Amino acid sequence: MNDAPVTVAIGYDAGRLTGKLKLDGAPHNAVWTRLEQFAISSGAEYELTGTTIELPWPAILNLVREFGRQQRSLNFRFRPEEGEAKQRIEQFIQQYRRVQAARGTNALSISKEEIVTRLDAAGFTKRTLTDFQLRDLQRLLSLENGANFSVPGAGKTTVTLALHILTRKAGQHILVIGPKAAFPAWREVVDDCVVADAPNNNAEAFTVLAGLSAEKVDEAVRSSATRFLINYDMMIQMPEVITAYLARQPVHLVLDEAHRMKAGTRSQRGALLLNVASLPIRKDILTGTPMPQQPSDIQSQLDFLWPGAGLGLQIQRGLAPRDVLGDLYVRTTKKDLGLPAPKRRFIKVPMAEGQMALYSIVRDEALRQFSSLRLDRKVDLIGAKRSVMRLLQLSANPVLALRSITQDAIGLDSGIVAAVIAEGASAKMREVADLARELARAGRKTVIWTIFTNTIHQMETLLADLNPVLLYGLVPSGEPTDPNSREGRIKRFHDDPECMVMIANPAAAGEGISLHKICHDAIYIDRSYVTTHFLQSIDRIHRLGLPAGVETNIHIFQTMTPKGLGSIDHSVSRRLAQKLRAMQVLLDDEDLHQIALDEENADDPVDYDVDAQDIIDLIEQLEGRAAFDEEDAE
């Protein structure tokens with residue numbers, strides 16, 4: 001005769017957003033030991049007593065999914081407590097089944113004609129949706145939560161507003177969390193799409209919560225307003241206010257540039273979003289680059305959308321992201337938009353003698369620092385990033401690199417220092433300036449990208465005759481009438497015929513601006529390991545609305561080194577190509593295939609987000625063990 005099954009009660013704490021497992025019986029049994037081991041290894045905060053396990057609610061859902069099918073074989077049963085715990089477990093089980101079904105075939109629940117009719121009735125008549133926007137809406141409406149991975153310029157903001165209007169229930173709010181650079185698009189989209197006298201207050205503008213105190217934010221979300229915008233940094237400064245708001249109010253939560261939570265529980269923003277993931281009535285994530293570095297980047301985004309479904313865990317266990325996602329996302333590509341492919345041109349520039357001597361010293365120092373990685377596969381990533389950035393500085397702006405090197409304990413020959421100073425601006429910087437002037441003489445405005453603020457200012461001096469505007473992290477947002485604000489500088493670049501160049505940092509200016517009506521040439525002094533920075537900076541000038549017949553040109557400058565010295569540019573080009581390939585496989589995007597192909601057939605430079613595999617590749621390059629194209633030495 002079998003023993004009676006062990007009972008494990010599941011409770012829900014609405015105040016703490018946690019679940020508590022309570023064992024009915026003696027704690028020393030195999031089932032309870034397994035549950036404790038799962039809690040300890042989950043990566044989530046946990047509290048254990050002899051007969052209780054407390055975890056964040058998403059972790060409880062993961063545990064229920066992992067052990068639910070083993071109840072019979074392990075002779076135990078979960079028993080959700082009456083009330084909210086039981087209701088949430090039942091909702092999770094239903095959603096989990098629907099997610100699994102939708103991964104295979106996302107059955108459409110509404111026709112395009114019905115979407116148009118319902119939007120017309122809601123006052124959404126000022127903007128006509130394109131066929132691909134209607135297609136994406138169809139698929140998103142068939143999902144409880146959605147992922148829109150369309151390229152910039154495809155209208156993700158417009159589609160999301162339409163989605164909210166079509167799914168909105170009485171009393172429902174919408175909260176958009178995104179970078180400040182995305183705010184103008186959200187502030188303008190309602191007026192661009194919805195008539196002023198639309199029913200059900202559909203013409204309500206978004207209330208911006210950025211810059212407010214926690215008390216003022218709480219006051220705003222308790223007011224009669226229903227549409228809100230907040231940036232990620234503000235969100236993590238007031239977790240109690242945001243959590244309480246999502247807990248008491250039915251909210252459609254939207255993450256714009258959702259890849260910013262890719263670090264998951266390793267970052268404040270990711271941890272907070274994962275913790276509140278079970279509260280919103282609907283969730284949507286928007287990003288054109290869901291996997292900018294590696295497959296794990298998308299893991300936390302999927303766990304946010306479908307907590308407890310185990311999609312992130314499948315990626316962690318090595319399943320291909322494309323197989324995990326199935327049909328749970330939409331993407332409009334540049335091919336869908338009918339955009340002609342941009343032309344990419346790689347321009348190789350040799351090092352000057354002083355620059356090469358300094359590069360050789362720093363390269364040797366970097367190899368000494370990286371030596372621990374060969375021994376135990378571990379590395380001081382902070383120190384490694386500093387070395388990588390120094391090599392990148394040297395490839396583009398040796399005077400800038402010299403300043404940082406002299407602050408450290410690296411001994412330098414005075415002759416090398418004198419040579420670098422005498423050489424001044426690198427050959428790369430001078431050739432970039434020459435190309436910008438050549439384009440200006442032809443009446444073509446140019447955006448020049450570099451990851452170093454100091455290089456931005458040096459290029460401003462070199463190109464003073466072209467009246468440049470600068471965009472980098474310290475430039476504040478403001479009104480277009482303020483010439484010192486981000487918006488004022490963008491306006492000047494558009495309107496001033498004497499201003500022929502914008503010099504910008506892709507991390508600060510790669511989002512939220514459109515230059516495609518007046519600028520069709522982008523020059524890269526240096527680039528980033530982060531695919532997001534490169535792809536989004538291209539999208540500033542290559543996006544929907546590009547005038548017919550206009551050619552987009554991407555000029556990528558590369559500093560070359562003699563064979564045997566090892567070029568950081570070669571290493572970064574390989575890593576960037578690998579990351580682009582992985583994202584192309586995920587999104588089945590022909591444009592990404594072409595960009596990756598271009599990277600694989602050329603060489604180029606780096607940035608701050610460096611992972612261990614980047615360092616491993618760099619070591620092989622600097623030691624001369626990586627594949628080398630003889631043509632690169634010419």
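Helices, taken as DSSP runs of H or I of at least four residues, and strands, taken as DSSP runs of E of at least two, are numbered here from the N terminus. On this basis the chain, which is a predicted model, contains 27 helices and 17 strands. Of its 634 residues, 55% are buried, and the chain exposes about 26500 Å², of which carbon and sulfur atoms supply 49%. Among contacts between residues at least 6 apart in sequence, 75% join residues that are at least 24 apart.

Strand β10, residues 251–256, has 6 of its 6 residues buried and is therefore largely enclosed by the rest of the structure. In a regular strand the side chains alternate between the two faces of the sheet. For β10, cover is found on both faces, with Val251, Leu253 and Leu255 buried on one side and His252, Val254 and Asp256 buried on the other. Strand β7, residues 173–177, is joined to β10 by 5 bridges, and the two strands run parallel; within this pairing, valine 176 has valine 254 of β10 as its bridge partner. A further 5 bridges join β10 to strand β11, residues 282–286, again in a parallel arrangement, and here leucine 255 stands opposite isoleucine 285 of β11.

The loop between β10 and α11 contains glutamate 257, a residue that is not a glycine and yet has a positive phi of about 55 degrees. With a relative accessibility of 13%, glutamate 257 falls under the 20% limit and so counts as buried. A positive phi, of about 60 degrees, is also found at asparagine 201, which is likewise not a glycine. Asparagine 201 is placed in the loop between α7 (183–193) and β8 (207–208); its relative accessible area is 44%, and asparagine 201 is therefore partly exposed.

Elsewhere in the chain, an open sheet is formed by 6 strands in the order β12-β17-β16-β13-β15-β14, with parallel pairing. Its edge strands are β12 (343–350) and β14 (469–471), each of which pairs on one side only. Neighbouring strands of this sheet are turned against each other by 20 degrees on average, when direction is ignored. Within the sheet, strand β13, residues 445–449, is joined by 5 bridges to strand β16, residues 519–524, and the two run parallel; in this pairing the bridge partner of threonine 446 is aspartate 521 in β16. Helix α22, residues 486–495, lies across β13, β14, β15 (501–504) and β16, and runs at about 140 degrees to β14.

Threonine 52 lies in strand β4, which comprises residues 52–56. Its relative accessibility is 18%, and threonine 52 therefore counts as buried. The side chain of threonine 52 makes a polar contact, at 2.4 Å, with the side chain of threonine 49. When neighbours within four places in sequence are left aside, the residues in contact with threonine 52 are Lys20, Leu21, Lys22, Trp32 and Glu47.

Note on methods. Residues numbered from 1 in each chain as written. Predicted model: local features only at pLDDT ≥ 70, side-chain atom pairs only at ≥ 80, totals over all residues. Heavy atoms only, no water. Buried < 20%, exposed > 50% of the residue type's maximum accessible area, 1.4 Å probe, protein only. Pairing = 2+ DSSP bridges. Contact = heavy atoms within 4.5 Å. Areas by Shrake-Rupley, 256 points an atom, 1.4 Å probe, with all protein chains shown as cover. Axes fitted to C-alpha atoms, helices over the stretch in contact; angles between N-to-C directions. Polar contact = N/O pair within 3.5 Å; in protein donor to acceptor, adjacent residues only side chain to side chain.
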